[in-house]
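Visitor: Hi! Could you walk me through this fold?
Guide: Happy to, let's bring it up.

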Amino acid sequence: MSEELPPSDAAREKEAADEMRASDADAWATACAEDLQAEKARRRTQYGTPPGSAAEELKKLVDAVAEKLSGAQSPLGAVAGPAAQQVVRQVVQQAKDAVEPVIERNPDVFDHLAAAGNELLAAYRSAVQAQERRWTGRDDRNDPRDQGERRDGGDDAGPGERIDLD
């Protein structure tokens with residue numbers, strides 16, 4: 001029969017140190033999670049609720065448009081009011097029924113489309129800003145379109161052009 005010897009002092013110390021490290025790691029993870037939750041709560045109070053994914057925002061938009069259209073009064077007044085409103089409600093409900101499954105099945109597609117739209121907007125903004133910089137920062141002295149004499153009479157008072165109003 002083999003008898004198990006009681007753990008030595010070094011083994012006990014190692015075991016206690018391992019338990020201490022595990023509890024420290026848990027305490028660190030808990031403290032980080034608490035700090036993260038507190039920061040999220042602070043930002044929610046300061047900036048409001050953050051926007052959801054593109055799919056969630058599209059759902060909100062569809063719901064808002066459907067609600068607005070369903071509540072709209074008929075332009076024909078009382079003559080076709082109830083019948084027209086019923087048709088509008090039915091069309092809106094059919095549109096929602098068609099759009100919502102697509103959104104639910106492909107939420108990542110809408111995130112990618114939103115990111116692509118942001119990239120296109122940034123590219124457009126960059127092109128417009130570059131063109132505006134060329135327009136506003138043009139130097140008449142080096143302008144190849146101005147082959148002849150300078151139109152402003154040659155005084156270097158500023159970047160503008162002198163216009164003779166007489």
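Guide: First a definition: helices (H or I, at least four residues) and strands (E, at least two) are DSSP runs, numbered from the N terminus. This is a predicted model, where local features need pLDDT of at least 70 and side-chain atom pairs count only at pLDDT 80 or more, while totals for chains, interfaces and linings use all residues. Residues are numbered from 1 along each chain as its sequence is written, and side-chain values use heavy atoms, with hydrogens and water left out.

Visitor: Thanks. How many helices and strands are in the protein chain?
Guide: The protein chain has 4 helices and 0 strands, and its elements run α-α-α-α from the N terminus on.

Visitor: And how much of the protein chain counts as buried?
Guide: Of its 166 residues, 9% do. Buried means under 20% relative accessible area, exposed over 50%, and partly exposed in between (1.4 Å probe, protein chains only).

Visitor: What about the accessible surface of the protein chain?
Guide: That comes to about 14300 Å², and 56% of it belongs to carbon and sulfur atoms. The areas come from the Shrake-Rupley method with a 1.4 Å probe.

Visitor: Let's zoom in. Which residues of helix 2 are buried?
Guide: Ala 54, Ala 55, Val 62 and Ala 66. Looking down the axis of helix 2, these buried residues fall within an arc of 110°, so they line one face of the helix. The arc is taken over the directions from the helix axis to the C-beta atoms.

Visitor: Which residues are exposed on the other side of helix 2?
Guide: Lys 60, Glu 67, Lys 68 and Gly 71 are exposed there.

Visitor: New topic: at what angle do the axes of helix 2 and helix 4 cross?
Guide: The axis of helix 2 crosses that of helix 4 (residues 107-136) at roughly 95°, and the two come within 7 Å. Helix 2 and helix 4 are therefore roughly perpendicular to each other, a label for angles of 65 to 115 degrees. Axes here are lines fitted to C-alpha atoms, for helices over the stretch in contact, with angles from 0 to 180 degrees between N-to-C directions.

Visitor: Which residues meet there?
Guide: From helix 2, Ala 54, Ala 55 and Leu 58 meet Pro 107, Phe 110, Asp 111 and Ala 114 in helix 4. Contact means heavy atoms within 4.5 Å.

Conventions: Parallel < 35°, antiparallel > 145°, perpendicular 65-115°, else oblique.
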